[in-house]
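Please open your viewer and get ready to select some residues.

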Amino acid sequence: MGAADQRTREAVGNSLVWGGKHLLLCGDWLQLPPVGGRPLFDTGSADAIDNQFVESGRRLWESLNWVAFLTKVWRQKDDPPFLSFLSRLRWGALTEADLTLINSQTVASVTNQPAPPLPPTSDFFAPVATATNIERCSVIRKIIMDTCREKQLVCYRIIAAPANDKNRAAIARISYLNDDSTDKIPLLLDFYLGMPLMITKRIPVLNHLKIFANGTLCFVLGFATQTMEHYITTVVDGVVVKQFTKTPAWLWVKVRNCTRILVPGCPAGVVAIPPLTLAVSIKMPNSAKLWSPRLTQFPVISALACTPEKLQGVTLEHWITISKLDRIHFKPQTLYVAFSRVRKLSSIRLISRLTLEYSRKFRPPRQAVAEMMRLIQLVCIPAYASQSVRLNFDDWKALQLTLAASFS
């Protein structure tokens, strides 16, 4: 924030804070912390290089003079018990009654859940929330093979094509690597028609559509080459696998929740995405070295499973399956983000029963709680607000402060 303030002053030629401009900040300190950084209110020691901007940014944050909270929850408004559970989970104040409620949604395993309709309905997205990318990749592989076997679907396979043909054998040998080790460009892309995908790189030829970015969700509908000579067909664990001998020219996808016509003559949200040719940083197994060959592959990964970070801001209309999230380096509030993606309690599929000890691992940091309490105290009801608005706000504020107090 300190650096952005300085650059804004320079850009507009005004020495006032933010160059004399108004600034609107949005967010929730009780959800996931900033990626690759520290919260603005963090009073810990700053890195030497960034110390100047860290301090000035903190002062800017502390100078906030107007605060508003959105008090109406729309996503879970039709399930009050679930909404109350989420309110307490957000503050790290679950009760035994909350555990009884949520544990009623426990299932035996990732695959022990209602099967998606096939052929898939439009925008059917019901992911598994996993703690790590390694677990995510493992879960995805299992779901693809289980779904194809049970529904007698074809599993299509695209192996990344190296620009240098001498690297083809090497790529084949390490094609099993998780996409977390390959810069989110899969060396081996398995999919079935209708499967959800997530875009992982910017696609220059589609920039004009202003819809694709890292994290965009879509569903694979087909591909450009469908004649038999383009496949090598094998059977793996009872699943028919058709491996492309040449990278398809396009993947036809439908962008999730898109109601715009992206391609004339096609249904809303449907567009063809091309493969990209780019240098991919590969973390080689049993080595600290990186290998960066130029590869041609589609910039997508399966979205059958996602980490909670990738689910932020997503509303799930069907269900979410939640695995154990307390892995190494897990973040506070991961559990809240995962649970709050759905509209109702019945849309939760919980792999392991929750305990108070487990839930406390995900409580927000004390500094975040203290900062939220400070911000709540800064809220001022405008003079023109009606009596009912004032009473509703007083009730909301009292509840938030009660939940915050129960944190300790």
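Is F85 buried or exposed? Select it and take a look: this is a predicted model, and in it F85 counts as buried because its relative accessibility is 0%, which falls under the 20% cut-off.

A search of the whole structure finds 16 aromatic pairs, and F85 with F339 is one of them. Colour the two helices next: F85 belongs to helix α3 (residues 80-90) and F339 to helix α8 (residues 334-339). The pair links distant parts of the chain, as its two members are 254 residues apart.

For the next stop, select F124 and W319. How are these two rings arranged? Their planes are at 75° and their centres 5.4 Å apart, so F124 and W319 form an edge-to-face pair. F124 sits in the loop between α4 (96-103) and β1 (128-129), while W319 sits in the loop between α7 (308-311) and β17 (320-322). The pair therefore ties together parts that are 195 residues apart in sequence. Both F124 and W319 are buried.

Next, select a group: Y156, F191, F223, Y231 and F244. Together they make up one aromatic cluster.

For the last stop, select K72 and W74. Here K72 lies over the face of W74, 5.4 Å from the ring centre.

Conventions
Residues are numbered from 1 along each chain as its sequence is written. This is a predicted model: local features need pLDDT of at least 70, side-chain atom pairs count only at pLDDT 80 or more; totals for chains, interfaces and linings use all residues. Side-chain values use heavy atoms; hydrogens and water are left out. Rings of Phe, Tyr and Trp (its six-membered ring) pair if their centres lie within 6.5 Å; planes under 30 degrees apart count as stacked, over 60 as edge-to-face and the rest as tilted. Helices (H or I, at least four residues) and strands (E, at least two) are DSSP runs, numbered from the N terminus. Buried means under 20% relative accessible area, exposed over 50%, partly exposed in between (1.4 Å probe, protein chains only). A charge sits over a ring if NZ of Lys or CZ of Arg is within 6 Å of the ring centre and within 35 degrees of the ring normal.
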